[in-house]
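Please read the numbered points alongside the sequence and the model.

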Amino acid sequence: QVPMATSSPGTNDVNENENNSAVATIICKGHSRPIPQIEFKNTAEDGLFMISSCLDNRPMLRDGTTGDWIGSFVGHNGAVWCARLNSNATRAVTASADFSANYWCAVTGQLLHTFEHRHIVRATTFSKDDSKIFTAGHEGKIRIYDLKKPEAEPTICEDKRAKIQYLLTPSESLIVSSDDKEKMIKVWDTRTLKHVKSLETSGVITDLGYSLDSSLMCATAGNSAFFWDMKTFDLVKEMKTDRELMSVAVDTERNRLVLGSVKELWVRRYDFKSEKEVACNKGHHGPINSLAFSPDGSFASGSVDGTIRIWRWPEEKS
């Protein structure tokens with residue numbers, strides 16, 4: 001089960017950014033190895049939640065505002081590369097190096113079902129209506145499981161020889177994937193199980209996600225960050241930098257962009273429209289694997305150092 005938090009709250013800290021202004025941050029401890037992915041979910045009736053995957057094999061659920069630990073999902077025997085919540089944060093799915101994806105009750109922590117695979121599972125996500133789970137990894141297959149009959153054999157999109165790293169579901173009939181070798185993002189039709197479109201990039205994808213309002217698909221590849229319209233897949237912007245990038249998150253409504261890079265320990269903040277760097281948040285002791293914006297304008301960073309930090313934009317600090 002997921003026990004209620006009693007002794008692992010997020011701790012408050014104040015850091016100096018490179019512009020010498022104070023930045024309020026909450027440090028979320030508890031993981032013991034690198035954190036490959038974090039996600040906020042704000043559509044639940046009882047608050048804002050954050051889920052994190054970790055190579056220590058215990059994904060965690062937290063209060064998304066305070067960073068307080070709610071519980072850990074215990075059941076995997078290998079590194080957990082991806083953890084996702086459904087639309088109302090009552091269910092979770094996790095992808096692991098133990099050749100499985102687990103489906104959980106996010107309220108009690110009960111393991112509801114294990115989907116066995118034949119190789120490492122790197123990515124997973126829910127369908128838009130929460131009725132299906134998608135998984136992918138080193139087998140070169142995107143599996144689609146029907147949660148109404150989880151014991152049934154999945155339908156499969158074949159992507160032979162690909163080690164798939166990321167999955168997104170922009171609509172009920174489409175899946176988006178990327179792997180560890182090709183310089184592109186692939187779009188799949190779940191009705192035909194065929195690859196129907198490719199989005200070219202300047203390098204292998206190192207991060208893939210949505211903007212806060214889900215209007216854009218965001219990715220990092222090489223020294224660039226890419227942003228596509230979620231409905232048309234038209235390229236809205238490619239932002240080039242002088243660093244090899246590892247992570248990206250964008251809040252289009254507030255015109256905010258954050259980036260993490262392969263060789264830096266910092267989160268760089270930008271004006272999304274002008275692409276001007278406005279600050280650099282320091283505090284982590286390892287590169288930033290994952291970034292995510294919260295609905296309140298703050299953002300979280302998950303690092304190789306095993307910690308999550310929730311950062312406030314300076315004007316929001318009370």
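Over the ring of which residue does the charged end of Lys128 sit?

1. The charged end of Lys128 sits over the ring of Tyr210, 5.1 Å from the ring centre. A charge is counted as over a ring if NZ of Lys or CZ of Arg is within 6 Å of the ring centre and within 35 degrees of the ring normal.

2. On the basis of the note: the model is predicted, local features need pLDDT of at least 70, side-chain atom pairs count only at pLDDT 80 or more, and totals for chains, interfaces and linings use all residues. Residues are numbered from 1 along each chain as its sequence is written, and side-chain values use heavy atoms, with hydrogens and water left out.

3. Strand 19 (residues 205-210) pairs with strand 20 (residues 216-221) in the antiparallel sense, over 5 bridges. Strands are DSSP runs of E, at least two residues long, numbered from the N terminus; two of them pair if DSSP finds at least two bridges between them. Within this pairing, Leu208 stands opposite Ala219 of strand 20.

4. The largest pocket holds about 1200 Å³ of space. Its lining comprises 49 residues, and the closest to the pocket centre are Ile38, Glu39, Arg84, Gly209 and Tyr210. A pocket is an open set of points on a 1 Å grid over the protein atoms alone, with protein on both sides within 12 Å along at least five of seven lines; lining residues have an atom within 4 Å of a point. Its volume is the space filled by probe spheres set on the points, which are joined across faces, edges and corners.

5. Which strand supplies the largest share of the lining of the largest pocket? Strand 19 does, with 6 residues. Others that each supply at least two residues include strand 3 (37-41), strand 7 (80-85) and strand 11 (121-126). By class, the lining has 26 nonpolar, 15 polar and 8 charged residues. Here Ala, Val, Leu, Ile, Met, Phe, Trp, Tyr, Cys and Pro count as nonpolar, Asp, Glu, Lys and Arg as charged, and the others, Gly among them, as polar.

6. A search of the whole structure finds 1 cavity of 30 Å³ or more. A cavity is a set of grid points where a 1.4 Å probe fits but cannot get out. The largest cavity contains about 50 Å³ of space. Residues that line it include His117, His119, Thr135 and Glu139. Strand 12 (132-137) and strand 13 (141-146) each give two or more residues to this lining, and strand 12 gives the most, with 3.

7. The structure holds 7 aromatic pairs. In one of these, Phe226 and Trp228 are stacked, at 5.6 Å centre to centre and 10° between the planes. Rings of Phe, Tyr and Trp (its six-membered ring) pair if their centres lie within 6.5 Å; planes under 30 degrees apart count as stacked, over 60 as edge-to-face and the rest as tilted. Phe226 counts as buried because its relative accessibility is 3%, and Trp228 is buried at 2%. Buried means under 20% relative accessible area, exposed over 50%, and partly exposed in between (1.4 Å probe, protein chains only). Elsewhere, ring pairs link Phe293, Phe299 and Trp311 into a cluster.

Notes:
Helices (H or I, at least four residues) and strands (E, at least two) are DSSP runs, numbered from the N terminus.
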